[in-house]
Amino acid sequence: MLADMTIAIAIHGGAGAVSRREMTKAIQARYHAALERALEAGHRILKEGGSSLDAVCAAVVVMEDSPLFNAGRGACYNADGKHELDASVMEGATLRAGAVAAATRIRNPVLGARAVMEKCRHVMLVGRAADRFAAKQGLKLEQPDYFHTASRLAALREKREGHHGTVGAVAMDANGNLAAATSTGGYTGKMPGRVGDSPIIGAGTYADNRACAVSGTGLGEAFMRGVLAHEVAVRMRYLKESVETAAKVAIANLSALKGDGGLIALDRDGNIAMPFNSEGMYRAALDRSGRRTVGIY
């Protein structure tokens, strides 16, 4: 473990949380525990001197493997009763990025996105091509029923369209490098082939060492129209706003676009912002001072 280093990490498990009226102590405890596991997976890497990219991927993998979150194993069903998975990663030191969209078999889409970034000359691969590429890189593929969860299927059958959620992480390592990662199953009842903001660099994910790392969650169409992740960074660079101010303005702009959701943002000094305009956002963070935050509402 490295001593006297400045590291920080924040994660989210999606906005549009279960309403306070429906949230039981047992459900809340399960989400808190899952968020803690994801946070610790990323923070452990940072404490040991690992990269911010490794940290955000590790945190997101934990949430993709959990049936509680709308990513990987717990992904929502589209209108055809299928799963289509999106993810992206970006590192702030080089502005390298990678993404997959409408993948159907990659167990951990965030690792597929990282493979595209590191092993491919393109930034994004989609559909079967993304699955094939992931397989060639030795990533684990699953049969469609792996992604099934009873609660997501019930949401589709009850026509609870619009249920959305995303997982993501931002981190700063001991070298001062930032990274961001985002992964999602979209939203319940979405049109087959629909791609939201999560794999779109600048919309749902962005990282730039000159400013901040951002991962968003919410109504993807609004995030894309507002290019919200990038907006946080450029407001910081050109208007010299703090990460907290820039993030709050981005969420205000999301509201103006009639979108709901939230984001996590981390600046190059280790400051964290986690604003949202939805009823809740599953989130957790360990800031540069070691202060731990876990919340839903």
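The legends below describe close-up views of a predicted model.

**View 1. An aromatic cluster built around Y31.**
The structure holds four aromatic pairs, and ring pairs link Y31, F69 and Y282 into a cluster. In the pair of Y31 with F69, the arrangement is edge-to-face, with 5.7 Å from centre to centre and 70° between the planes. Because Y31 belongs to helix α1 (residues 25-47) and F69 to the loop between α2 (52-64) and β2 (85-91), this pair ties together parts that are 38 residues apart in sequence. Y31 has a relative accessibility of 10% and therefore counts as buried, since buried means under 20% relative accessible area. F69 is likewise buried, with a relative accessible area of 1%. In the pair of Y31 with Y282, by contrast, the rings are stacked, at 4.2 Å from centre to centre and with 15° between the planes. This second pair links distant parts of the chain, with Y31 in helix α1 and Y282 in strand β11 (residues 281-286), 251 residues apart. Y282 is also buried, at a relative accessible area of 5%.

**View 2**

Four strands form an open sheet in the order β7-β8-β9-β10, and their pairing is antiparallel. The edges of the sheet are β7 (205-207) and β10 (272-273), each of which pairs on one side only. Strand β9 (residues 261-267) is joined to β10 by two bridges, with the two strands running antiparallel, and L266 stands opposite I272 in β10. Helix α7 (residues 228-239) lies across β7, β8 (212-218) and β9, and runs at about 145° to β8. Helix α8 (residues 243-256), for its part, lies across β9 and β10 and runs at about 160° to β9.

**View 2. The buried face of helix α8.**
Helix α8 has 14 residues and reaches 20 Å from its first C-alpha to its last, which is close to the 20 Å expected at 1.5 Å a residue. The buried residues of this helix are V243, A246, A247, A250, I251 and L254. Seen down the axis of α8, these buried residues fall within an arc of 135°, so they line one face of the helix. What covers the buried residues of α8 includes α6 (220-226), α7, β9 and β10. Just after the helix, K258 takes a positive phi of about 60°.

**View 3. The two sides of helix α5.**
In helix α5 (residues 150-157), the residues R152, L153 and A155 are buried. Because these residues cover an arc of only 155° around the axis, they are placed on the same side of α5. The face of α5 turned away from this buried side carries the exposed residues A150 and R157. The helix is followed by K159, whose phi is positive, near 55°.

Notes:
Residues are numbered from 1 along each chain as its sequence is written. This is a predicted model: local features need pLDDT of at least 70, side-chain atom pairs count only at pLDDT 80 or more; totals for chains, interfaces and linings use all residues. Side-chain values use heavy atoms; hydrogens and water are left out. Two strands pair if DSSP finds at least two bridges between them. Contact means heavy atoms within 4.5 Å. Axes are lines fitted to C-alpha atoms, for helices over the stretch in contact, and angles run from 0 to 180 degrees between N-to-C directions. Rings of Phe, Tyr and Trp (its six-membered ring) pair if their centres lie within 6.5 Å; planes under 30 degrees apart count as stacked, over 60 as edge-to-face and the rest as tilted. Buried means under 20% relative accessible area, exposed over 50%, partly exposed in between (1.4 Å probe, protein chains only). The expected span of a helix is 1.5 Å times one less than its number of residues. The arc is that of the directions from the helix axis to the C-beta atoms.
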